[in-house]
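Have the viewer open as you read.

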Amino acid sequence: QVQLVESGGGLVQAGGSLRLSCAASGDIFSIGSMGWYRQAPGKQRELVAAIPRGGSTNYADSVKGRFTISRDNAKNTVYLQMNSLKPEDTAAYYCNAAHRFIPTKAYWGQGTQVTVSS
């Protein structure tokens, strides 16, 4: 099993920045790609950004140029640097870790709230 613990959410004004962190523990060897998803009230959960163990990152069009995902494998932590935040970025943000060997299996964090005021 893998445990994911997010931190770094909060309230920020439009144009501001936040950095989310997600620390993984447990069966680290089983973790493949990691990513951040978000879910706003009344909306479906959507992919924000993803980063594989090796290779290029992937971003939702709505955050390209503003958000940066990074990964520190030595610390088993993935980060999401969010700049130029907009009110429409307000959502609960969830860390995700795909199982490296079982395509249908994934782990989720408990979520952290990001609120951007206008």
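Strand β8, residues 77-82, is mostly covered, with five of its six residues buried. Buried here means under 20% relative accessible area, exposed means over 50%, and partly exposed is in between (1.4 Å probe, protein chains only). Strands are DSSP runs of E with at least two residues, numbered from the N terminus.

This is a predicted model, so to speak of local features takes pLDDT of at least 70, and side-chain atom pairs count only at pLDDT 80 or more, while totals for chains, interfaces and linings use all residues. Residues are numbered from 1 along each chain as its sequence is written, and side-chain values use heavy atoms, with hydrogens and water left out.

## Who β8 pairs with

Two strands pair if DSSP finds at least two bridges between them. β3 (residues 18-26) runs antiparallel to β8, joined by six bridges; Leu18 has Met82 as its bridge partner there.

β7 (residues 67-72) is also antiparallel to β8, again with six bridges, and Asp72 stands opposite Thr77. The β7-β8 hairpin has four residues between the strands, and Asn76 takes a positive phi near 55°.

## Over at Gln44

Gln44 sits in the loop between β4 (31-39) and β5 (46-51). Is Gln44 buried or exposed? Gln44 is exposed, at a relative accessible area of 72%.

Setting aside neighbours within four places in sequence, Gln44 is in contact (heavy atoms within 4.5 Å) with Arg38 and Gln39. Arg71 is 27 residues from Gln44 in sequence and 25 Å away in space, C-alpha to C-alpha.
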